[in-house]
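Here are my notebook entries from a first walk through this structure. Have a look at it below, and then follow along with me.

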Amino acid sequence: FTRANRFTFPQWYLAVMVSSGLFREDFIDQVQVVAYYHKWKDIENRKGYFYFWNKQGGVPEVSLPVSGNANAVDGSKVVHAAAVYYPDRTPPPMPRTKANELRYDGVALDEKGKHVWNVVSDGQPIATYDEDEIRFSVVYRGRCFASEEDKEYYHSKDNVHWTLEETNAVFYEDLVKRGVVASVAVVRKMPAHDFGLLLLDTYVKYPFSSTASVPINYCAIDRKLPWAAPIVEQFCK
């Protein structure tokens, strides 16, 4: 948005703003490109396909991670995801409380002379990979301004970003208009966590899967129906 971005609001809140359509006039279209530049070609063995939902329904379109190719979508509008790369392998544990990185350590001193990469956690190597095992990709995101004037305004000091109170006020009025809440006073008194869930439930709607026998996350049923926990445990580990 011209007056809101990921440095001022959390990502999930921005997604709600987009899905609601209430801030459409301030929205900036984007192009997000995911490009691949590895050397291997055995894609079928490694998986890691790029999925995107560009049509109505629950069936995604699929693009293969071919080196030298790229996928371009408006990532703020098109639901997209990357499947697990090498799904049959177990990655090393990398606690989020530690500094984890993939570090290039040069060419191996053996007859093969392969390029070596180490996974390092708090300075300690915990896994070693040959460069041929790694998938390299780069992500680019560009903003598509309607005019040169819009671009200049976006970067100018005159562009005063919205406060959370201002954007919330827009949601308050719309929630009342939709009949989701009785009044602005009621929604203002809601705890922040509950209000956030209400926004997601109201404005962010994903289609049910058209291929699953049970198109819901049945592993979470016991959160709503505690008595179902012994049954859920039989299927969800």
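This is a predicted model: local features need pLDDT of at least 70, side-chain atom pairs count only at pLDDT 80 or more; totals for chains, interfaces and linings use all residues.

## Notebook: what I looked up

I found Ala 70 in strand E4, which covers residues 70-73. Leaving out residues up to four places away in sequence, I saw Ala 70 touch Val 33, Val 34 and Ala 35. I also checked Ala 70 against Ala 99: they are 29 residues apart in sequence and 30 Å apart in space, C-alpha to C-alpha.

**Entry: helix H4**

Next I turned to helix H4, residues 164-178. H4 has 15 residues and reaches 21 Å from its first C-alpha to its last, close to the 21 Å expected at 1.5 Å a residue. Which residues of H4 are buried? I noted Thr 167, Asn 168, Phe 171, Tyr 172, Asp 174 and Leu 175. These buried residues pack against H1, helix H5 (184-188) and H6. After H4 comes Gly 179, and its phi is positive, near 80°.

I then took a look at Thr 167 itself. Its relative accessible area is 1%, so it counts as buried, the limit being under 20%. Beyond residues up to four places away in sequence, Thr 167 touches Phe 9, Tyr 13, Met 17, Phe 23 and Trp 162.

**Entry: aromatic rings**

How many aromatic pairs are there? I got a count of 17 aromatic pairs. One of them joins Phe 23 and Phe 171, an edge-to-face pair with 5.4 Å centre to centre and 70° between the planes. Phe 23 sits in the loop between helix H1 (11-20) and strand E1 (29-36), while Phe 171 is in helix H4, so this pair ties together parts that are 148 residues apart in sequence. Both Phe 23 and Phe 171 are buried. I also found them in one aromatic cluster with Phe 1, Phe 9, Trp 12, Tyr 13, Phe 27, Trp 162 and Tyr 203.

**Entry: nonpolar cores**

I looked up the largest nonpolar core, and it has 20 residues. Those with the most contacts inside it are Phe 1, Met 17, Phe 171, Leu 175 and Leu 199. The elements giving two or more residues to this core are H1, H4 and helix H6 (192-203).

Is Arg 46 buried or exposed? With a relative accessible area of 2%, Arg 46 is buried. I found Arg 46 in helix H2, residues 43-46. Its side chain makes a polar contact with the side chain of Asp 42 at 2.8 Å. The side chain of Arg 46 also reaches the backbone oxygen of Asp 132, at 2.7 Å. Among the residues that Arg 46 touches, not counting those up to four places away in sequence, I wrote down Trp 40, Val 84, Tyr 86 and Ile 134.

Note on methods. Residues are numbered from 1 along each chain as its sequence is written. Side-chain values use heavy atoms; hydrogens and water are left out. Helices (H or I, at least four residues) and strands (E, at least two) are DSSP runs, numbered from the N terminus. Buried means under 20% relative accessible area, exposed over 50%, partly exposed in between (1.4 Å probe, protein chains only). Contact means heavy atoms within 4.5 Å. Rings of Phe, Tyr and Trp (its six-membered ring) pair if their centres lie within 6.5 Å; planes under 30 degrees apart count as stacked, over 60 as edge-to-face and the rest as tilted. A polar contact is a pair of N or O atoms within 3.5 Å; within protein, one must be able to donate a hydrogen and the other to accept it, and residues adjacent in sequence count only if both atoms are side-chain atoms. A nonpolar core is a set of buried Ala, Val, Leu, Ile, Met, Phe, Trp, Tyr and Cys residues joined through side-chain atoms within 4.5 Å. The expected span of a helix is 1.5 Å times one less than its number of residues.
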